[in-house]
Amino acid sequence: MRSDDAPMITPQNILRHELIGLDVEILEASNPSLVGIKGRVVDETRNTLVIEKYDGREVVVPKDVAVFKFKLGDKYVKVIGSLLIGRPEDRLKKKIKNIYPY
Amino acid sequence: MENPVDINHIFEEEGIKLLKELGWYGSIVVQYSDNYSKEIFDKVKEYGEKIGLKIYTGVKIRCESPRELIKQVKRFRNRIDVILVEGGNLKINRQALELHDVDILSTPELNRRDSGIDHVLAKLGSTYRVAIELNFKQLLIRKNLYERARLLWAFRRNMKLAKKFDTPVVLSSGAESIYDIKSPYDLRSFLNTLTGDPLYSKTVMELPYKIAEYRAYLRRENVVRYGVEVVEE
Amino acid sequence: MTSLKTLPPTLREKKRYISFKIIYPEKLSTNEVVQIVRSAVINYYGIWGCSKSNPWLISYNHPKGLLRVQREEVDFVKSALITFSEYRDKPINIVVLGVSGSVKKSREKFLKEPHVEYYKVIRMRKKEKRDNYVRD
């Protein structure tokens, strides 16, 4: 499944889309050693993303502690990780979560 | 207490000056949905900028049936920062607590003998994040001393349920003229006398700021839903 | 002939000074403000509560005034002052400017009035009385 194809990934449907193959950077995380990791998403499970860094190493990052920045075409989209929880096949069929900051 | 924000019906310059002098950071100016006019909001925003008080807009919806409530909420959602619903009728209370578009439910005990909220409704408010408002103006309107005591009993019961189920709670002065404006530290000590927990009253006073900032954040152009944002680089 | 001795500091009652401002269409005298404060506290907090908090008006120059209360009951007296909304069929609003532990600091910070030490005030009043007596 290629991800940069028509129909395009838009910021509206990034929560339901396949994430494997996108470029990603971690902006904030509760674990300070995870901040600033840049790479490409290789695998996805219910709670984690496996990111391969540009120097070849693979890092397993839990989804609900970090804020990710994905690259779609020429724009960047910042997404809070807790919205992406769920296996990719479950997220496809309409699992939209509502979170609030208070 | 950082950035206390009040909810009231003050539209004149003298009132806004007094609010700034007492120490409020901002104010949510509320109009009723029956006679709603946009010019008043523009005038109040002008006075606020001149004096240095942050103004957010709000609308209080009054209606008879739950279906009419859904229609009115859809009408106002994209133009206004904060939406309040006037409670009192059990069906309207329930419908307002189930819509996540509504921010605050005011006066659930208006025109009722009991307190207005039970544990089922408190749980609903907690999952959909709708706040319960304790309106101070109702206390000043009642002249009969037993009515005032009954109102304080309703406040205490709603606060106890909301604390147990983690529902957000908001205390507002509901001022309509210059004689009703109170200072934020006074309202905080009033909450301290109702429950014996000073830390809980601090979180209650800080909540309107968080609600108004959340709604203002959602109205920005590059935000799609909460947590998703388009960033240029 | 002699009166009671002042208690040592550990046994003394701990007090706080509340400085407030009244918004009302007319000018009020000191006696009226004493009535207002007492009836506000009794209507909200009851006779027992008024005895616990012991409110005492020290001075009132329209529109600002100074009130002394027990240290533990400051929250209750502040809530009592804001629930008092009508006097003689006209709306009234009592606004609290601040709470402090001494008279001098509350005059400097909140009331913005010049502070005169109490012994000098007594001396000035005695002098005035003597001058009036001599004149008569």
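Trainee: Among the 2 pairs of chains that touch, between which chains are the most contacts?
Mentor: This is a predicted model, so local features need pLDDT of at least 70 and side-chain atom pairs count only at pLDDT 80 or more, while totals for chains, interfaces and linings use all residues. Residues are numbered from 1 along each chain as its sequence is written, and chains are lettered from A and ligands numbered from 1 in the order in which they are written. Two residues are in contact if their C-beta atoms, placed from the backbone, lie within 7 Å. By that count, the most contacts are between chains A and B.

Trainee: Which elements of chain B give two or more residues to the side that touches chain A?
Mentor: This contact takes 15 residues from chain B and 16 residues from chain A. Elements are DSSP runs numbered from the N terminus: helices are H or I with at least four residues, strands E with at least two. Those giving two or more residues on the chain B side are helix H9 (198-218) and strand S9 (228-231) of chain B.

Trainee: How far apart are the closest C-alpha atoms of chain A and chain C?
Mentor: No contact joins these two chains. Their closest C-alpha atoms are separated by 28 Å.

Trainee: Which element gives the most to the side of chain C that touches chain B?
Mentor: Here 14 residues of chain C meet 13 residues of chain B. Two elements of chain C give two or more residues to its side, helix H2 (74-82) and strand S6 (93-100). With 5 residues, the one that gives the most is H2(C).

Trainee: What percentage of the 136 residues in chain C is buried?
Mentor: Chain C holds 4 helices and 6 strands. A residue is buried if 20 or more other C-beta atoms, placed from the backbone, lie within 10 Å of its own, exposed if 12 or fewer, and partly exposed in between. The buried share of chain C is 26%.

Trainee: Why are the buried residues of H5(B) on the same side?
Mentor: In helix H5 (residues 119-128) of chain B, the buried residues are Leu121(B), Ala122(B) and Gly125(B). The arc is that of the directions from the helix axis to the C-beta atoms. They lie on the same side of H5(B) because they cover an arc of only 100°.

Trainee: Which exposed residues does the face of H5(B) turned away from its buried side carry?
Mentor: The buried residues pack against helix H4 (90-98), strand S6 (131-135) and helix H7 (145-165) of chain B. The face turned away carries His119(B) and Val120(B).
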